[in-house]
Amino acid sequence: MGAIPKPPPGHFNVLYFASASSFTSREYETLPAPLPLRKLFDALEEKHEGFKDRILGSCLVTVNLNYVDVPELDEGEEEPSRAVVIKEGDEVAIIPPVSSG
């Protein structure tokens, strides 16, 4: 992966590694900020149909190099007041399982 440019104003970067990069045919892309972390997987699924089931179910996720758990948002449920929100300029990484041999 080469140097990743700073996201444009009002956006954040999503970095894709291994099978996530292969599936999206990208090393990275930008998404509009702010975005509640709970809505990240749905936003990525809208851009890449099938991504949620095939890739995201077994991935680790980092926000600014910190591993995070991505809670699912049940329909009709409101965001908790202390929910993690991905902000402008943040860097999110999608890291699929890696095997070695």
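**Reading salt bridges, a helix face and strand pairs**

Modeller: Let's start with a network of salt bridges that links Arg26, Glu29 and Lys47. Keep in mind that this is a predicted model: local features need pLDDT of at least 70, side-chain atom pairs count only at pLDDT 80 or more, and totals for chains, interfaces and linings use all residues. Residues are numbered from 1 along each chain as its sequence is written, and side-chain values use heavy atoms, with hydrogens and water left out.

Colleague: What counts as a salt bridge here?

Modeller: The general idea is that side chains of opposite charge can pair when their charged atoms come close. The cut-off is a side-chain nitrogen of Lys or Arg within 4 Å of a carboxyl oxygen of Asp or Glu. By that rule you get three salt bridges. Arg26 pairs with Glu29, their closest N and O atoms being 3.7 Å apart. Glu29 also meets Lys47, again at 3.7 Å, N to O. Glu29 lies in strand S2 (residues 28–32) and Lys47 in helix H2 (residues 40–47), so this pair ties together parts that are 18 residues apart in sequence. Helices (H or I, at least four residues) and strands (E, at least two) are DSSP runs, numbered from the N terminus.

Colleague: And which residues form a salt bridge at 2.5 Å?

Modeller: Asp42 and Lys52. Asp42 sits in H2 and Lys52 in helix H3 (residues 51–54), so the pair ties together parts ten residues apart in sequence.

Colleague: Is Glu29 buried or exposed?

Modeller: Buried, with a relative accessible area of 4%. The scale runs like this: buried is under 20% relative accessible area, exposed is over 50%, and partly exposed is in between (1.4 Å probe, protein chains only). Its two partners are another story: Arg26 is partly exposed at 40%, and Lys47 is partly exposed at 43%. In the remaining pair, Asp42 is partly exposed at 34%, as is Lys52 at 29%.

Colleague: How do I read a helix face?

Modeller: An α-helix has 3.6 residues a turn, so residues three or four places apart point the same way. In H2, Leu40, Phe41, Ala43 and Leu44 are buried. Seen down the axis of H2, the buried residues fall within an arc of 160°, so they line one face of the helix. The arc is taken from the directions from the helix axis to the C-beta atoms.

Colleague: Which strands pair with S7?

Modeller: Two strands pair if DSSP finds at least two bridges between them. Strand S1 (residues 11–16) and S7 (residues 91–95) pair in the parallel sense over four bridges, with Tyr16 opposite Ile94. Strand S4 (residues 60–63) pairs with S7 in the antiparallel sense, also over four bridges, and there Leu60 stands opposite Ile95.

Colleague: What does S4 form with S5?

Modeller: A hairpin, with two residues between the strands. S4 and S5 (residues 66–68) pair in the antiparallel sense over three bridges, and Val63 stands opposite Asn66. In the turn, Asn64 has a positive phi of about 55°.
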